[in-house]
Amino acid sequence: MASNHSNNTSPHAQVSHIACPDCDLILSVPPLAVNEVAYCIRCDATLLRNQKNSIDRTLAFAITGLILFVISNLFPLLSLKAMGLTQESSLLSTALALFEADRPLLSLIILLTTFIFPAITLLGTIYILIQVKTNRINRYTALLFRFLRRTDAWGMLEIFMLAILVALVKLGDVADVIYGVSLYAFCLLILSLSLLSYSLNPQDVWNSLRNKQGCSL
Amino acid sequence: MTTALQAGLISCHFCHTLSKLPESIDGEIINKNTEIYCPCCHSSLYSRIPNSLNRTWALLLAALILYIPANTLPVMTVIFWGEGQPDTILSGVMHLFAEGMWPLALLIFLASIFIPILKLLTLTGLLISIHFRAHWRPKDRTIMYRITEFIGRWSMVDIFVIALLVALVQFGNTASVSPNLGALSFAAVVILTMFAAQTFDPRLIWDAIEEDSAKETEK
Ligand SMILES: [Zn+2]
Ligand SMILES: [Zn+2]
């Protein structure tokens, strides 16, 4: 119904009916051309997207991301040199430092948002997309994908990246900050994670499940 | 223009499959408490998020209460040559301004003061507007909801900065940073408002208008 430039859609192709997630209006969406996005006519919510090779691209970004995530965790991100002493910090040691400072809850929040949820996102996305590619997805594995969609907001590495920049500026005046090997890997990791979430089209995964289960949109 | 609810359909929150709101499953009459599942992805189905308003209010009130210690208690203490200086969120921003680091001060001000207030006010406003069945600019209210849901998590940046400083600046009595209770309260505010935004159902904004116009045509 409400799509950008819908001229290359074939007339006999199937129209899908979808209720807007934000205002519940039922809309009929014609098949979308590549890179076309369908918006709700009433509230502008994004309804459907059509991206070329979304599954393959997302899988590539997720695997790259996983490798970079491992490297980011192997070496220190930053080191601080002051008065002849050096203090190193990595992703996990940041959470650990708060635990040692008697703030276990805060430490847990950092651990979840900067380590556990990003790891689940990367591993889970790889698993789900391989399932889709081999046409093995079923409602039980779909449970994992539902979990990934629900917890999408809780992996906060890009916000942690911004915090690193803030800390660099703050400390730059007072002490010598040495960039660790992992910092470069970490920057690339943020890039792959944002490309991952940009290229992932959840509807492709659901369509694959739908074809197997025999339901229609 | 028909909504799924009016058409007797339920849209799956995850895969968007439309299912008929059944009156009975296997002869058993459906009442409000019977759980039904999406035929495709097997997620539990609901027309509107169950108890959305009550849950959002509860989470929001908890966040509003914790907002007080989050802003009055120090978030971290910087110890320099044996002398400790506790900082609250606001005093931290003031220090940055005083030291001339105004881009940084502006960033922390936006993330730690402006966005949380905006989020608390927007969610409160949305809930009140639904209670009074407001017809006022439903599209703009939906967009405001989308914005708060999207930017809310960025408030965590200050918590991460504190965590990094605690991990890096550990030189005994000469220079060290320790986290204080204010940081935990602030993190709790961010997390609670994130949950509040997740459990709020924007379709309720439109329901009042739909129901009132349905009554209008009945007359
Ligand atoms: Zn809509
Ligand atoms: Zn479903």
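Let's start with Cys23(A), which counts as buried at 1% relative accessibility (buried means under 20% relative accessible area, exposed over 50% and partly exposed in between, with a 1.4 Å probe and protein chains only). This is a predicted model, in which local features need pLDDT of at least 70, side-chain atom pairs count only at pLDDT 80 or more, and totals for chains, interfaces and linings use all residues; side-chain values use heavy atoms, with hydrogens and water left out. Residues are numbered from 1 along each chain as its sequence is written, while chains are lettered from A and ligands numbered from 1 in the order in which they are written.

**The zinc site**

- Cys23(A) gives its SG to the zinc ion (ligand 1), and the other protein donors are the SG atoms of Cys20(A), Cys40(A) and Cys43(A), at 2.2 to 2.4 Å from the ion.
- Donors here are N, O and S atoms within 2.8 Å of the metal (3.2 Å for Na, K and Ca); water is not among the atoms, so sites may look incomplete.
- The arrangement is tetrahedral because the 4 donor atoms subtend angles of 101 to 114 degrees around the zinc ion (ligand 1); for four donors, the term requires all angles to lie between 85 and 135 degrees.
- Along the chain, the donors show the spacing C-x2-C-x16-C-x2-C.
- Cys20(A) is buried too, with a relative accessible area of 1%.

**Strand E5 and its partners in chain A**

- Strand E5 (residues 78–82) of chain A has 4 of its 5 residues buried; strands (E, at least two residues) and helices (H or I, at least four) are DSSP runs numbered from the N terminus.
- E5(A) runs antiparallel to strand E6 (residues 85–89), joined to it by 5 bridges; two strands pair if DSSP finds at least two bridges between them.
- Ala82(A) stands opposite Leu85(A) in E6(A).
- The hairpin of E5(A) and E6(A) has 2 residues between the strands, and Met83(A) in it takes a positive phi near 50 degrees.
- E5(A) also pairs with strand E7 (residues 176–179) of chain A, antiparallel and through 4 bridges, with Leu78(A) opposite Tyr179(A).

**Chain B as a whole**

- Chain B has 7 helices and 10 strands, and 49% of its 219 residues are buried.
- The radius of gyration of chain B is 23 Å, whereas a compact globule of 219 residues would have one near 17 Å; the value is taken over C-alpha atoms, and the globule rule is 2.2 Å times the number of residues to the power 0.38.
- The C-alpha trace of chain B spans about 75 × 40 × 25 Å along its principal axes.

Terms used. Tetrahedral: all angles 85-135°; square planar, octahedral: opposite > 155°, others 65-115°.
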